[in-house]
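Student: I would like to go through this model by question and answer. Please show the sequence and structure.

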Amino acid sequence: TPKTFWAVSFGSFVSLHNSVMGFEVDSINSVQFSNHTGYAHWKGQVLTADELHVLYEGIKLNNVNHYDYVLTGYTRDTSFLEMVVDIVQELKRANPNLVYVCDPVLGDHGSMYVPQNLYPVYKDKVVPVADIITPNQFEAELLTGKNISTEKDAVEVMDLLHNMGPDTVVITSSDLPPRLGDRFLVSLGSQRIVMPDGTSTTQRIRIEVPKVDAVFVGTGDLFAAMLLAWTHHYPTDLKTACEKTFSVMHHVIQRTISYAHEMAGPGRRPSPAQLELRMVQSKADIEDPAIVMEATVL
């Protein structure tokens, strides 16, 4: 019987993905919305730092605050983010082997889509306690203060991020020129492993993924959840973990886009409702993806 794990996640999309992978998940939703914000309208509530603290206190009072993983995603509030850091530090004191996976959601394509005051909290407090981070190029540049225009720049940025704390860094998308042509995006990853003799080695990988002409909501959450799961199964093999993760993404997105175009009809752009990720229909691909994305070791 495979061992199951407890994880606590902040965000709306992550619990399903990791439950399917055999993790026991305690999910705390940082927002309770009627629907995701890719729609024209949404209603709901945002969890405050005080409310998060109350929920965590309840977990603690029952002595069930023993986790192997913490996964966090989008938040807009500095006090909430600082509370997350306090909780992660406390959980790591209880379990020094806990792995904190952080998607540092700050912005993309040169602009921030969270308040500016979140940036120093991520840089000074969140990233130093994270073990795995999944920034895009803009977020990686913002956190390190270094621009990426070549693969060498990207490697240096990943090394700078390692020096801030995380052992595993995956730059989920970049503007680097793809070798496979304009219809692809370049992603890069780096993993520092400490050997039994105390020396460290770093594996760096590059993977090119096909672009899709559609806007999806929740792909970042799915990516972080899958990377958590596959790095659990391949803790010292970032190449395989990334191939599995990106292949899951490909299968889910292709199934979603096929369904969306079928529902929309010829010549019509799919609606946000039609572009909802086909998660349940992709269960088999999430559990055991056919490898369609191959990574190159740098």
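Student: Which residues lie nearest the centre of the second largest pocket?

Tutor: This is a predicted model, in which local features need pLDDT of at least 70, side-chain atom pairs count only at pLDDT 80 or more, and totals for chains, interfaces and linings use all residues. Residues are numbered from 1 along each chain as its sequence is written, and side-chain values use heavy atoms, with hydrogens and water left out. A pocket is an open set of points on a 1 Å grid over the protein atoms alone where a 1.4 Å probe fits, with protein on both sides within 12 Å along at least five of seven lines; lining residues have an atom within 4 Å of a point. The lining here has 19 residues, and those nearest the centre are Val 99, Asp 131, Ile 132, Asp 167 and Pro 235.

Student: How do the residues of that lining divide by type?

Tutor: Ala, Val, Leu, Ile, Met, Phe, Trp, Tyr, Cys and Pro count as nonpolar, Asp, Glu, Lys and Arg as charged, and the others, Gly among them, as polar. On that scheme the lining of the second largest pocket divides into nine nonpolar, six polar and four charged residues.

Student: Which element gives the most to the lining of the second largest pocket?

Tutor: Helices (H or I, at least four residues) and strands (E, at least two) are DSSP runs, numbered from the N terminus. Helix H7 (219–233) and strand S11 (184–194) each supply at least two residues. With four residues, the element that gives the most is S11.

Student: How many disulfides does the structure hold?

Tutor: A disulfide is a pair of cysteine sulfur atoms within 2.5 Å. The number of disulfides is zero.

Student: Is Cys 102 buried or exposed?

Tutor: Buried means under 20% relative accessible area, exposed over 50%, and partly exposed in between (1.4 Å probe, protein chains only). The relative accessible area of Cys 102 is 0%, so Cys 102 is buried.

Student: What is the distance between the end C-alpha atoms of helix H8?

Tutor: Helix H8 covers residues 238–264, which is 27 residues. The expected span is 1.5 Å times one less than the number of residues, so H8 should span 39 Å. The model agrees with this, at 38 Å.

Student: Is Arg 206 buried or exposed?

Tutor: Arg 206 belongs to strand S12 (residues 200–210). Its relative accessibility is 4%, so Arg 206 counts as buried.
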